[in-house]
Amino acid sequence: MSNQARHRITELTNEIRDHQFKYYVLDTPTITDAQFDALLKELQALEAKHPELLEPDSPSLGVGGGFATTFEQHDHIEKMMSLDNVFDIEELGAWFDRVEKESPNPKYLCELKVDGLAINLLYENGQLTRALTRGNGVTGEDVTLNVKTIKGLPHTLSGKKVPSLIEIRGEVFLPVAAFNQLNEELEEAGKQLFANPRNCAAGSLRQKDPRITASRALSVVVHGVGTSEGISFSSQSDAYTQLNSLGMPTSERFKVCGTRAEVEGFIAHYNEHRHDVEHEIDGVVIKVDDVAEQKKLGFTSRAPKWAIAYKYPPEEVTTKLLDIKVSVGRTGRVTPFAFMEPVKVAGSTVTNATLHNQEEIERKGVLIGDTVIIRKAGDVIPEVLGPVLSQRTGKERAFIMPTNCPECASELRAITEGDVDIRCPNTRSCPAQLRERIYYIGSRAALDIDVLGLEAAIALLTDQIITDESDLFDLTTESLIRSEFFTKKDGSTGKNTEKLLAALEVAKTRPLWRIIVALSIRHVGPTAAQSLANNFGSMDAIAKADVGELSDIDGLGETIAQSIVEWFAIDWHRNIIAKWQKAGVIMQAQTVAQLPQTLADLTFVVTGGLESFTRDSIAATITAHGGKAVASVSKKTDYVLVGSDPGSKLAKAQELGVTIIDEARFLELLAGRG
């Protein structure tokens with residue numbers, strides 16, 4: 001009986017800890033409080049009956065919320081090797097020669113080299129038991145709790161044939177869009193920015209409090225296997241197919257090539273399109289596909305002989321800094337930017353680059369007239385890294401921050417003591433702030449309103465169709481056709497008018513947290529907005545809350561709370577809320593139950609790009625309407641939704657005979673026309 005009790009106590013302990021983690025860290029409980037209490041009560045009863053089995057760290061002895069990452073060091077079961085690098089086609093050709101001398105006519109698997117943080121995931125009997133950083137290749141740091149917060153990474157492997165043990169290697173990364181959004185929030189809050197998505201991913205994964213990691217939109221892609229028991233692979237591509245069937249997030253962007261020319265074509269394609277990918281890449285990894293040939297080729301002391309990394313050139317260039325100007329943002333922050341001689345970097349020609357603030361300019365030692373080094377990665381605004389001191393002539397001059405707003409002439413000042421940023425206090429009528437706020441409302445970060453870009457925002461204000469954002473949802477065909485932007489040459493209604501009015505109707509139904517984001521309350525980004533929506537449930541309740549009530553919300557704090565209270569204290573701000581509400585904008589948090597469950601009990605896999613949805617929003621839409629969005633195709637999948645440039649999931653669906661649908665058919669199902 002003692003062995004049975006020991007086994008059951010272990011089961012209960014693991015199950016309770018998992019539910020505590022989901023509740024306290026992920027904020028996504030999967031059982032009711034009553035069900036959790038029943039598990040805890042059973043554990044307490046067993047421990048009382050068998051006190052010799054009571055462990056000092058039993059969940060029955062604590063409150064449950066104290067999850068912390070300690071970064072203990074553990075050895076990898078199988079060493080994590082590095083990759084050797086080549087930097088041009090000639091060096092790659094020499095590697096081909098070495099490989100083909102030992103293994104004639106091999107097939108090569110090409111995949112993107114994700115610029116992230118290497119991770120080793122240990123699954124035992126299908127359960128994720130440990131996640132380690134690479135470390136020195138032999139020993140890594142335990143970041144299991146933090147890794148478990150990453151959406152899309154299974155805690156339990158799925159499928160019919162789950163290996164008894166497997167080490168899965170991958171890369172943790174932060175998508176470029178999420179990096180931009182996070183840095184924007186940090187900059188707005190006057191905090192230090194992350195230098196690049198890789199540094200941000202590493203910093204996020206090395207947080208002692210996994211709740212901080214959970215607040216960052218980390219992702220992971222797997223690309224290799226260490227030790228394994230109960231599973232075998234004939235090739236690298238076979239490994240990816242099997243890992244995908246186990247529920248692991250494998251990349252869709254790989255290709256098995258039969259010739260050197262195909263490999264070089266893959267490299268050239270992604271060199272040209274590297275910024276079309278959602279994450280940063282710094283090259284392409286080429287692997288011999290066949291596992292038997294991999295074993296034949298073997299390893300050096302640090303790297304496999306059967307794999308190589310082709311590294312793209314660094315994306316840093318030099319140009320002449322002609323002037324330093326300032327721009328005014330939607331919350332009044334005045335930001336210096338470099339105006340430069342046009343230069344091509346990261347596939348596009350740029351003339352402007354951010355300099356953040358006066359303090360940053362001084363720290364970097366940049367003078368007007370300098371030859372400067374700039375960097376641009378993905379969609380990130382180009383950044384000035386510093387001057388080329390050897391190119392100075394003595395004619396360079398220092399930048400002096402203006403004392404008045406360049407657009408409305410208001411006197412600039414720091415809003416709070418010690419703030420490194422200065423702001424234009426004319427929040428209501430400064431043309432720059434108005435323009436930027438309206439443009440932001442239409443952006444994907446806020447209400448994602450089609451047509452409402454920068455040009456539309458300028459047209460609405462210049463042609464006096466609206467006075468501020470409070471008028472936005474009162475727009476009509478009659479008011480819009482007063483502007484050339486919204487009409488055809490003959491003066492009749494243009495497509496922009498129809499599209500904008502239709503998009504505004506959709507925007508009225510956006511979740512409450514997005515409405516909050518659209519208000520441009522200082523310091524309130526998506527994370528804070530979601531906390532507000534979840535805790536208060538309506539705009540009216542938020543408006544009535546005091547600093548104490550707001551600062552008690554996890555993740556807000558006194559600075560954000562004070563900013564919210566100050567915003568709602570201004571009458572014209574409250575007028576925005578009132579007019580939007582009168583126009584039909586939903587100001588309450590919506591529950592899943594309020595949405596038609598048209599996709600109930602249906603399982604979807606999505607591959608390729610969609611016109612109406614982002615990767616995140618399509619999964620959220622499926623779930624909100626009762627369906628299930630999963631990563632891998634199986635016989636249990638009801639539909640595979642295929643967009644542009646689909647990956648290997650399409651072939652898998654065809655192989656299994658799963659129903660394949662396009663976006664138009666999905667919208668029919670969503671509308672209940674099944």
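What is the relative accessible area of E505?

Tutor: E505 has a relative accessible area of 47%, so E505 is partly exposed. In these terms, buried means under 20% relative accessible area, exposed means over 50%, and partly exposed lies in between (1.4 Å probe, protein chains only). The model is predicted: local features need pLDDT of at least 70, side-chain atom pairs count only at pLDDT 80 or more, and totals for chains, interfaces and linings use all residues. Residues are numbered from 1 along each chain as its sequence is written, and side-chain values use heavy atoms, with hydrogens and water left out.

Now the partner. E505 forms a salt bridge with K508, and their closest N and O atoms are 2.8 Å apart. A salt bridge here is a side-chain nitrogen of Lys or Arg within 4 Å of a carboxyl oxygen of Asp or Glu. K508 is buried, because its relative accessible area is 10%.

The whole structure holds 26 salt bridges. One of them pairs E278 with R253, at 3.1 Å from N to O. Helices (H or I, at least four residues) and strands (E, at least two) are DSSP runs, numbered from the N terminus. E278 is partly exposed, at 26%.

K255 and E262 make another salt bridge, at 3.9 Å from N to O. K255 is partly exposed at 37% relative accessibility. E262 is partly exposed too, at 30%. Elsewhere, E360, R363, K364, R375 and E383 are linked in a network of salt bridges.

Next, the nonpolar core. The largest one has 57 residues, and L475 and W580 touch the most other members. Such a core is a set of buried Ala, Val, Leu, Ile, Met, Phe, Trp, Tyr and Cys residues joined through side-chain atoms within 4.5 Å. Elements that give two or more residues include α15 (495-507), α16 (512-518) and α21 (571-582). α16 gives the most, with six residues.

Then the surface. Y439, L454 and I458 make a nonpolar patch of about 240 Å². Patches use residues with over 30% relative accessible area and no salt bridge; nonpolar side chains (Val, Leu, Ile, Met, Phe, Trp, Tyr) are joined within 5 Å, like charges within 9 Å. Accessible areas come from the Shrake-Rupley method with a 1.4 Å probe, and for residues only the protein chains shown count as cover. I458 lies in helix α13 (residues 454-462). I458 is partly exposed, because its relative accessibility is 36%.

A positive patch is formed by K160, K628, K635 and K636. Lys and Arg count as positive, Asp and Glu as negative; His and the chain ends are not counted. The place of a charge is NZ of Lys, CZ of Arg, CG of Asp or CD of Glu. K160 is in the loop between α4 (144-147) and β7 (165-173). At 87% relative accessibility, K160 is exposed.

One last spot. S58 lies in the loop between α2 (33-49) and β1 (73-75). S58 is buried, with a relative accessible area of 6%.
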